[in-house]
Amino acid sequence: MLLTIDVGNTHTVLGLFEGEDVIEHWRLATDARRTADEIAVVLQGLLTQSPLLKGADIDGIAICSTVPSVLNEMREMCRRYYGDVNAVIVEPGIRTGVPVRMDNPKEVGSDRIVNALAAIDQYGGPCVIVDFGTATSFDAVSAKGEYVGAVTAPGIEISVDALAAAGAQLHKVELVRPRSVIAKNTVEALQAGIIYGFAGQVDGIVERIAAELADDPDEVTVVATGGHAGLVVGESRSIDVHEPWLTLIGLRLIYHRNAA
């Protein structure tokens, strides 16, 4: 089985593949203070507690990270506790098959390249990936499978926290769809602003990207992923596909390109 680990700024998502299928998954808070030993304890606890994985063996690990300090500890964890398991870490020198057409390709986060590879493999190009994470990121991929550019906006969680911190009479609310757009109380007013506001932002940015990306914008496939995607997908008119495991799928593909 292949263990895939996507370390984001806020959350770390782990998925276990059997062939091409995700058979188990977990979401953890990303903690830059965790040592390699602590990460190993948490990982082994998750693996042993899952009723789906009794006696399962990990024969490969694939990792990408946007947090350098966590990546260093992940690397050490693999060396100390999984030394006999082939580990592929997405970093310079790893074959992804995705040409990066940016002014400085090193600036592009590894997770964004991984997502681009998965989207091209699953849905073809041209496409736009909308990743609802700490930031809301929009990644443009050409019909040739090239990563051609990006847009980055504040994420949903960051926006909610900033609004609660700056408004004396405002507070954090549960992120659910309100009864209507025109709210009758403060909680639902905040929910409407957050959910419909981000849906409108997504539609506006995707429309502009698609117009630049292809002669026929209708040919562009829009793929949503990330922890908060489920909040917006149902309210956006531009999102075609919701794939929560897009990054994990990309890690599986990269592992098989590099494991040998």
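1. The helices α4 and α5 cross in a right-handed manner, that is, with the near helix turned clockwise from the far one by less than a right angle. Helices here are DSSP runs (H or I, at least four residues) numbered from the N terminus, and strands are E runs of at least two.

2. The model is predicted: local features need pLDDT of at least 70, side-chain atom pairs count only at pLDDT 80 or more, and totals for chains, interfaces and linings use all residues. Residues are numbered from 1 along each chain as its sequence is written, and side-chain values use heavy atoms, without hydrogens and water.

3. Helix α4 spans residues 156-166 and helix α5 residues 186-213; they pack at about 145°, with axes 11 Å apart. Axes are lines fitted to C-alpha atoms over the stretch in contact, and angles run from 0 to 180 degrees between N-to-C directions.

4. On the α4 side, Ile156, Ser159, Val160 and Leu163 meet Leu190, Ile194 and Phe198 of α5 (contact means heavy atoms within 4.5 Å). This contact has six nonpolar residues, one polar and no charged.

5. An automatic or database assignment gives domain 1 (2-89) and domain 2 (125-244). Their centres, taken over C-alpha atoms, are separated by 28 Å.

6. In an unreviewed UniProt entry, the annotation "binding site" covers Gly109, Ser110, Asp111, Arg112 and Thr186; such annotations may be inferred rather than shown by experiment. These residues span 78 residues in sequence and their farthest two C-alpha atoms are 39.2 Å apart, so they do not all gather at one spot.

7. Gly109 is located in the loop between β5 (86-89) and α3 (110-123).

Notes: Nonpolar A, V, L, I, M, F, W, Y, C, P; charged D, E, K, R; others polar.
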